[in-house]
Amino acid sequence: MDKTTNGWINGLIGVVIFAGSLPATRAAVMDLDPTFLTGARAAIAALLGAMLLLAFRERRPALSDLPALAVVALGVVVGFPLLTALALRHVSSAHSIVFLGLLPLCTAVFGVLRGGERPRPAFWLFSLLGSVFVAGHAALGGIGASLRGDLLMLAAIAVCGLGYAEGARLSRRLGGWQVISWALVLSLPVMLPMTLLTRPASFDHVGAPAWFSLAYVSLFSMLIGFVFWYRGLAQGGIAAVGQLQLLQPFLALGLAALFLHEPISGTMLAATLGAVGCVAGARRFA
């Protein structure tokens, strides 16, 4: 199996794991403060990442790598989780998932700017068309919106795309799990105090779904998913493999319907098939 195919397989595994992030976050913020949730998930993942780095005796990154690791930390450890948690106070997880359709295009743009990639013109056509399928699904679904929630989600997509591209660029030299682990460790001096300062006075009101969701976003969304995702982007190309994120909204919508009993539009199947076609086209011309 060639390196590019491995990259697509790893990327797909990462997308499947990430698909549960927004529904789990939505369930968690019903009982937990968004700021506490952001700090707690990062702090837990950082401690696990530190254990991995110590267990495998990984060398410390060079000083020249620290600015890029800081961008990764600000983008995917702090920015995206916090902004989405705040947005989910105003919009449903089904509505927020719609914005994930813009993430592949955003990641591809940063892949060009930061990763030096140059996809062919046809690639951009498929990438834009895929975003249109997702946006069209949102419009036809008639899911209620909130201006504040939408702005927060747009900001989340921008910082996440940058964090993905920067992390993938570093993964070519440092390795996928090493990049996210070092980024988490770098953020720990900020995230741990945030967790302690924003923790609720009592956890009696926190139900089992919120605890399960916190565990999921800490272990899978914040650490394990990135092991596969950064490796996939580094192997198969940031812009190309990033198009797999077009499938994430529909996987996540299914999870939201299954676990949160949120309404799902009847256009979901058609939009999903359209997104799959765009992913295939993007892969061909990347």
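Student: Leaving aside its neighbours within four places in sequence, which residues is valine 179 in contact with?
Tutor: Taking contact to mean heavy atoms within 4.5 Å, valine 179 touches Leu69, Gly167, Leu170, Ser171, Leu174 and Tyr230 once neighbours within four places in sequence are set aside. Before going further, please note that this is a predicted model, in which local features need pLDDT of at least 70 and side-chain atom pairs count only at pLDDT 80 or more, while totals for chains, interfaces and linings use all residues. Residues are numbered from 1 along each chain as its sequence is written, and side-chain values use heavy atoms, with hydrogens and water left out.

Student: And where does valine 179 sit, and is it buried or exposed?
Tutor: Valine 179 belongs to helix H9, where helices are DSSP runs of H or I with at least four residues, numbered from the N terminus. Its relative accessible area is 0%, so valine 179 is buried; buried means under 20%, exposed over 50% and partly exposed in between, with a 1.4 Å probe and protein chains only.

Student: How far apart are the C-alpha atoms of valine 179 and aspartate 65?
Tutor: They are separated by 9.9 Å, although the two residues are 114 residues apart along the chain.

Student: Back to the helix: what span does H9 reach?
Tutor: H9 covers residues 176-198, 23 residues in total, and reaches 31 Å from its first C-alpha to its last, which is close to the 33 Å expected; the expected span is 1.5 Å times one less than the number of residues.

Student: Where does H9 bend?
Tutor: The bend, of about 55°, is at leucine 188, and proline 189 follows within four residues. The angle is taken between axes fitted to the seven residues ending at a position and the seven starting there.

Student: Changing topic, how many salt bridges are there?
Tutor: If a salt bridge is a side-chain nitrogen of Lys or Arg within 4 Å of a carboxyl oxygen of Asp or Glu, the count comes to four. One of the pairs is aspartate 65 with arginine 173, at 2.6 Å from N to O. Aspartate 65 lies in the loop between helix H3 (34-55) and helix H4 (66-87) and arginine 173 in helix H8 (residues 147-174), so this pair ties together parts that are 108 residues apart in sequence.

Student: What does arginine 114 pair with?
Tutor: Arginine 114 forms a salt bridge with glutamate 166, the closest N and O atoms being 2.8 Å apart. Arginine 114 is in helix H6 (residues 103-115) and glutamate 166 in helix H8, 52 residues apart, which makes this a link between distant parts of the chain. Arginine 114 is partly exposed at 39%, while glutamate 166 is buried at 3%. A network of salt bridges links Arg114, Glu166 and Arg169.

Student: Now the rings: how many aromatic pairs does the structure hold?
Tutor: There are 11, where rings of Phe, Tyr and Trp (its six-membered ring) pair if their centres lie within 6.5 Å, with planes under 30 degrees apart counted as stacked, over 60 as edge-to-face and the rest as tilted. Among them is the stacked pair of phenylalanine 18 and tyrosine 164, with 6.3 Å centre to centre and 15° between the planes. Phenylalanine 18 lies in helix H1 (residues 3-18) and tyrosine 164 in helix H8, so the pair ties together parts that are 146 residues apart in sequence.

Student: Which residues do ring pairs link into a cluster?
Tutor: The cluster is made up of Phe18, Tyr164, Phe226, Trp229 and Tyr230.

Student: And which members of the largest nonpolar core touch the most other members?
Tutor: They are Val77, Tyr164, Phe226, Trp229 and Tyr230, out of 76 residues in that core. H4 supplies the largest share of this core, 11 residues. A nonpolar core here is a set of buried Ala, Val, Leu, Ile, Met, Phe, Trp, Tyr and Cys residues joined through side-chain atoms within 4.5 Å.

Student: What is tyrosine 164 in contact with, leaving aside its neighbours within four places in sequence?
Tutor: Tyrosine 164 touches Phe18, Val76, Leu103, Thr107, Phe226, Trp229, Tyr230, Leu233 and Gln245, with those sequence neighbours left out.

Note on methods: Helix = DSSP H or I, 4+ residues; strand = E, 2+ residues; numbered from the N terminus.
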